[in-house]
Amino acid sequence: LTLDPHLQRAAERLLANSGAPEGAIVASDVRTGRILAWASRGGRDFVSEPYAPSASLFKVVTAATLLEGGYANESTNVCYSGGEHDIRPADLEHGGGTCIEFGEALGKSVNMVFARMAKKHLDPGDLRRMAENIGFAGEIPIDVPVTGGRVEIPSDPFGMARAAAGFWNGKLSPLGALFAMQTIANQGERISFVLQDPGGPVQRHPGRQAIRPTIARTLNRMLQVTTKRGTCVKAFRHADG
């Protein structure tokens, strides 16, 4: 296999020490698609099977769809109220006193920004198409059998808005999430994964363009907010700076 022994052992140690009953870690060289680590904890292979809800990761799909359609850019200001733990129909009908730029909303996982903008500008088909383009649903190009994720977007406007924000919108494997991130890192191009050792350097196998390079670069910047001042800043930054 193409696995890096040091990264593979590190991933297995992290899972063993986590105390979690189930979990998975998968990593790739995004330039070539070479799989570097593939580790799972629990009674089955959690890397390649979509057991878990895509949850707030689905905001990446919604953000990409809004950017691709020209409905938002990084500086678009969105005002809202509510939505911290759930979304009510009344929350979608009028704005609120809290405002944030779209470029910050993904990294901070602001539910109402994505729910409100999706209800205003998108339909379920838009979200399904983007989900398939970047790997949240359908085939994942790799040289071993895996199961693709699935997306379930309700047809009613309220249900669609909730799904766009990450509330019960289908199942996603860690491998599918990695493929989406790898696609964004590759300027929107779908690069196939390679897990079986070819006996030499892994060659890059480019595929079709999933999103425009300009959109991919914008998503890249928005995703960096997650680690710099967003939802997982504590995992990436020491308290002393």
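## F136 and its surroundings

F136 touches S54, L57, F58, V61, A131, G149, R150, V151, K171, L172 and A180, leaving aside residues up to four places away in sequence. The model is predicted. F136 is also among the residues with the most contacts inside the largest nonpolar core.

## Nonpolar cores

The largest nonpolar core has 49 residues. F102, V113, I134, F136 and L219 have the most contacts inside it. Helices supply much of the list of contributors: α2, α3, α4, α5 (124-134), α6, α7 (174-185) and α8 each give at least two residues to this core, and so does strand β4.

As a general point, nonpolar side chains in soluble globular proteins tend to be buried together.

## Helix α4

How many of the 11 residues of α4 are buried? Eight are, so the helix is largely enclosed by the rest of the structure. The buried residues are N111, M112, V113, F114, A115, R116, M117 and A118. They pack against α2 (59-68), β4, β5, α3 and α6 (157-165).

V113 belongs to this buried set. V113 is also one of the residues with the most contacts inside the largest core.

## The three-stranded sheet

Three strands form an open sheet in the order β3-β7-β6, with antiparallel pairing. β3 (52-53) and β6 (150-151) stand at the edges. Each has a single partner strand, so one side of each is left without a neighbour in the sheet.

Two bridges join β6 to β7 (residues 170-172). R150 has K171 in β7 as its bridge partner. Both R150 and K171 are touched by F136.

## Salt bridges

The whole structure holds 11 salt bridges. In one of them, the side chains of D29 and R31 meet at 3.1 Å, N to O. Are the two partners buried or exposed? D29 counts as buried because its relative accessibility is 17%. R31 counts as exposed because its relative accessibility is 60%.

K119 and E93 form another, at 3.9 Å, N to O. E93 is exposed, with a relative accessible area of 53%.

E104 forms a salt bridge with R229, and their closest N and O atoms are 2.7 Å apart. E104 lies in helix α3 (residues 102-105). R229 lies in the loop between α8 (213-228) and α9 (233-236). The pair therefore ties together parts that are 125 residues apart in sequence.

E104 is buried, with a relative accessible area of 17%. R229 is partly exposed, at 44%. Which residues make up the network of salt bridges around this pair? E104, K108 and R229 are linked in it.

Technical notes: Residues numbered from 1 in each chain as written. Predicted model: local features only at pLDDT ≥ 70, side-chain atom pairs only at ≥ 80, totals over all residues. Heavy atoms only, no water. Salt bridge = Lys/Arg side-chain N within 4 Å of Asp/Glu carboxyl O. Buried < 20%, exposed > 50% of the residue type's maximum accessible area, 1.4 Å probe, protein only. Helix = DSSP H or I, 4+ residues; strand = E, 2+ residues; numbered from the N terminus. Contact = heavy atoms within 4.5 Å. Core = buried A, V, L, I, M, F, W, Y, C linked by side-chain atoms within 4.5 Å. Pairing = 2+ DSSP bridges.
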